[in-house]
Amino acid sequence: MDQVYSLVELWHIFKLAILVSLVGALIGHYKRNACILLPIVSIDFKFKGFEEWSQSSYRGTMRALMLIVTIVNAFISFLLFLIGIRYGDNKNTDPILFELGVIGDLIIGVGAGIIAKSTVTLTGTENQLSIIVTSLLAGYAGLSYIQKYQKESLENACIDYENKLACSEEDRSPHLYHKNNSSDEIAATKEP
């Protein structure tokens with residue numbers, strides 16, 4: 001196999017495998033979503049400053065000054081939210097979710113195509129048909145394999161986040177201690 005020193009050389013060597021693998025990845029993406037899913041960014045940010053500003057009794061320049069202060073406050077609150085500092089209404093909001101959609105699936109397809117071509121070449125086969133079939137299957141199967149782990153990871157992340165929220169709510173609630181007899185006590189909190 002030739003040595004690769006640039007992206008142009010990589011494209012020249014793996015062009016067929018990448019293109020066919022992209023077709024497999026698109027088939028897998030469409031099978032899973034029944035449509036082409038564009039990238040999604042979900043940010044559960046809450047800011048009530050604009051509602052308070054619209055209900056304020058200020059007029060004229062004072063109202064304009066309050067709008068500027070509200071915009072700056074919203075911007076700073078949003079930046080703090082993005083880096084993980086949450087307070088007020090945003091304390092118990094959902095985590096930031098970023099889903100690449102079809103772009104992520106195409107990236108997986110490129111990687112699967114390169115792996116498929118390398119594997120076929122290592123076996124000593126130079127048949128273009130074997131590269132096409134292997135790349136198509138690798139794009140589809142690689143996407144399905146990654147999606148399985150992505151789904152498990154997302155479910156585990158949601159469970160961990162919900163557990164953390166439940167624990168933080170328990171920490172804020174008043175604790176009651178109940179004593180049945182001198183030998184056993186029931187504590188309301190438990191360290192994990």
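This is a predicted model: local features need pLDDT of at least 70, side-chain atom pairs count only at pLDDT 80 or more; totals for chains, interfaces and linings use all residues.
## Confidence in the model

Residues are numbered from 1 along each chain as its sequence is written, and side-chain values use heavy atoms, with hydrogens and water left out.

The protein has a mean pLDDT of 75, with 73% of its residues reaching 70 or more. Confidence is highest in helix 3 (residues 61–83), at a mean of 87, and lowest in strand 4 (residues 185–186), at 42; helices (H or I, at least four residues) and strands (E, at least two) are DSSP runs numbered from the N terminus.

## The bent first helix

Helix 1 covers residues 7–33 and spans only 31 Å between its end C-alpha atoms, whereas a straight helix of 27 residues would span 39 Å, the expected span being 1.5 Å times one less than the number of residues. Helix 1 has a kink of about 75°, centred on Phe14, where the bend is the angle between axes fitted to the seven residues ending there and the seven starting there.

Phe14 is also buried (under 20% relative accessible area, with a 1.4 Å probe and protein chains only), and other buried residues of helix 1 include Ile13, Gly24 and His29. Just after helix 1, Ala34 takes a positive phi of about 60°.

Definitions and conventions: Buried means under 20% relative accessible area, exposed over 50%, partly exposed in between (1.4 Å probe, protein chains only). pLDDT is the predictor's confidence in each residue, from 0 to 100.
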